[in-house]
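This briefing is meant to be read with the sequence and the coordinates at hand. It takes up the contact between the chains, then a sheet, and then some backbone details.

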Amino acid sequence: MSLTQEAVLAGIKEIVEEVAGIPAASIEMDKNFTDDLDVDSLSMVEVVVAAEERFGVKIPDDKVQDLVTVGDAVNFIVSAAK
Amino acid sequence: MIHVRTGTHSRIMSVGGYQPSRVVPNSEIVDRIDSTDEWIRQRTGIEERRFAAPDESVLDMAEAACKQALSRAKLTMADIDTVIVATITYPFQAPSAATALIARLGNPKAAAFDINAACAGFCYGVGMASDFVRSGTSKHVLVVGVEKLTDFTDPDDRATAFIFADGAGAVVIGPSETPQIGPTEWGSDADSRDAILMEPSWNEFRNDAQGISWPNIAQQGQAVFRWAVYSVSKAASRALAAAGVRPDQLDAFIPHQANVRIIETMAKEIGIPDSVVIAQDIRTSGNTSAASIPLAMASLLEERPDLHGGLALLIGYGAGLVYAGQVVQLPPKP
């Protein structure tokens with residue numbers, strides 16, 4: 001399955017809004033999960049698991065810490081889904 | 001033809017708990033790990049915990065919890081034929097904590113052994129004790145969860161120093177006319193052994209301990225959170241199904257007290273409705289590993305005496321990784 005960056009970003013916005021209560025409008029590719037969006041390490045796990053289910057990809061535990069920005073997560077998911 | 005014994009149904013007859021007197025608020029922990037009270041509360045729910053005194057041992061705490069459980073069951077140690085101690089912090093490889101405990105409690109002839117199933121140890125013990133009673137191997141079993149985690153926690157470790165604490169909890173499991181302990185759902189995820197470790201091994205200390213670090217607990221928080229919330233909660237649902245109990249038929253959910261965020265997200269995953277009381281003893285007790293479920297059970301029944309005799313889902317999970325859970329009927333009012 002191939003996913004576009006736009007589609008994944010839209011999905012991540014919905015997930016972060018659902019998990020952390022951050023308005024989707026404020027979520028952009030360059031935002032840092034921790035510093036800009038206040039998504040802490042445990043909420044990040046919830047985001048990752050929701051993204052795995054939604055996009056049908058695997059995001060291993062040792063990769064989660066590399067997903068610093070929204071763009072990191074979007075790009076990881078897009079390439080994992082190829 | 002070999003003769004076999006047959007037993008009865010089983011039940012939890014009583015629960016007892018012991019916590020050290022020293023209350024340690026977050027403010028006492030934060031300076032060494034460059035953290036704040038707010039950060040710890042937000043990540044874990046922990047407001048304060050109990051630390052044992054330097055001369056207060058695993059056995060001291062276990063003995064106190066057992067005496068309370070025995071008295072509440074209106075039994076004496078002479079009635080107990082089996083003692084199971086769940087602990088990872090008894091600082092002797094052998095003989096076991098359980099044999100030291102039966103000697104102290106005054107029945108040095110009882111069957112006694114320790115189990116190493118970390119934070120799942122208590123539920124492993126409840127499952128075994130229930131099966132011992134049901135098979136006729138035992139009549140009355142003391143199951144004790146006890147930890148002095150401060151002996152194996154690095155006060156400078158930013159990942160663990162604010163989590164772990166000390167305490168003991170015990171239940172008496174004995175015969176019953178009706179089934180009051182459901183089937184145990186248990187297992188492991190041993191491919192994730194690295195997620196929670198106590199290293200190095202004792203062998204490292206054999207010749208020259210210079211430069212060898214003490215085997216404190218190390219934990220990968222995100223990996224444990226993910227496993228607990230998304231894998232262990234499925235085991236909890238299987239324990240409910242095996243007992244033929246729906247989430248809305250529960251009176252209480254008493255999971256291992258690892259972290260309020262895990263407890264709340266796990267409850268959501270299992271589908272525990274708002275009508276069920278969720279134990280959150282972690283807020284004032286910290287994570288006491290094998291002791292956390294019986295301690296949470298004891299404190300819940302003190303706060304909410306109406307829950308005596310109610311249905312509770314227990315689920316323990318921890319280093320291994322290992323898990324075990326069962327539906328139980330909470331003990332009657334003493």
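How much area do chain A and chain B bury between them, and what share of it is on carbon and sulfur atoms? In this predicted model, the two chains bury about 1,200 Å² between them, and 50% of that area lies on carbon and sulfur atoms.

**The contact between chain A and chain B**

- Chain A brings 14 residues to the contact, while chain B brings 12 residues.
- Of the area that chain A buries against chain B, 45% is supplied by Asp40(A), Leu42(A) and Glu46(A), which is more than any other three residues supply.
- Between the two chains there are 5 salt bridges, and the count of residue pairs in polar contact, with both residues at pLDDT 80 or more, is 5.
- One of the salt bridges links Arg226(B) to Glu52(A), with the closest N and O atoms 2.6 Å apart.
- On the side of chain A that touches chain B, the elements giving two or more residues are α2 (41-55) and α3 (61-64) of chain A, and α2(A) gives the most, with 9 residues.
- The residues on this side of chain A divide into 8 nonpolar, 2 polar and 4 charged.

**A five-stranded sheet in chain B**

- Chain B contains an open sheet of 5 strands in the order β1-β7-β6-β4-β5, and the pairing within this sheet is mixed.
- The edge strands, each of which pairs on one side only, are β1 (9-18) and β5 (111-115) of chain B.
- Neighbouring strands of the sheet are turned against each other by 20° on average, with direction ignored.
- Strand β6 (residues 141-148) and strand β7 (residues 166-176) of chain B pair in the antiparallel sense over 8 bridges, and Glu147(B) stands opposite Gly167(B) in β7(B).
- Helix α3 (residues 58-72) of chain B lies across β1, β6 and β7 of that chain, and the helix runs at about 130° to β1(B).

**Backbone details in the loops of chain B**

- Ala94(B) and Pro95(B) are joined by a cis peptide bond with omega of about -10°, and Pro95(B) has its place in the loop between β4 (82-86) and α4 (97-105) of chain B.
- A cis peptide bond also joins Gly320(B) and Leu321(B), with omega of about -10°, and Leu321(B) lies in the loop between β13 (311-318) and β14 (322-329) of chain B.
- Lys74(B), in the loop between α3 and β4 of chain B, has a phi near 55°, a positive value in a residue other than glycine.

Key: Residues numbered from 1 in each chain as written. Chains lettered and ligands numbered in written order. Predicted model: local features only at pLDDT ≥ 70, side-chain atom pairs only at ≥ 80, totals over all residues. Heavy atoms only, no water. Pairing = 2+ DSSP bridges. Helix = DSSP H or I, 4+ residues; strand = E, 2+ residues; numbered from the N terminus. Axes fitted to C-alpha atoms, helices over the stretch in contact; angles between N-to-C directions. Contact = heavy atoms within 4.5 Å. Buried area = accessible area lost by both parts, 1.4 Å probe. Salt bridge = Lys/Arg side-chain N within 4 Å of Asp/Glu carboxyl O. Polar contact = N/O pair within 3.5 Å; in protein donor to acceptor, adjacent residues only side chain to side chain. Nonpolar A, V, L, I, M, F, W, Y, C, P; charged D, E, K, R; others polar.
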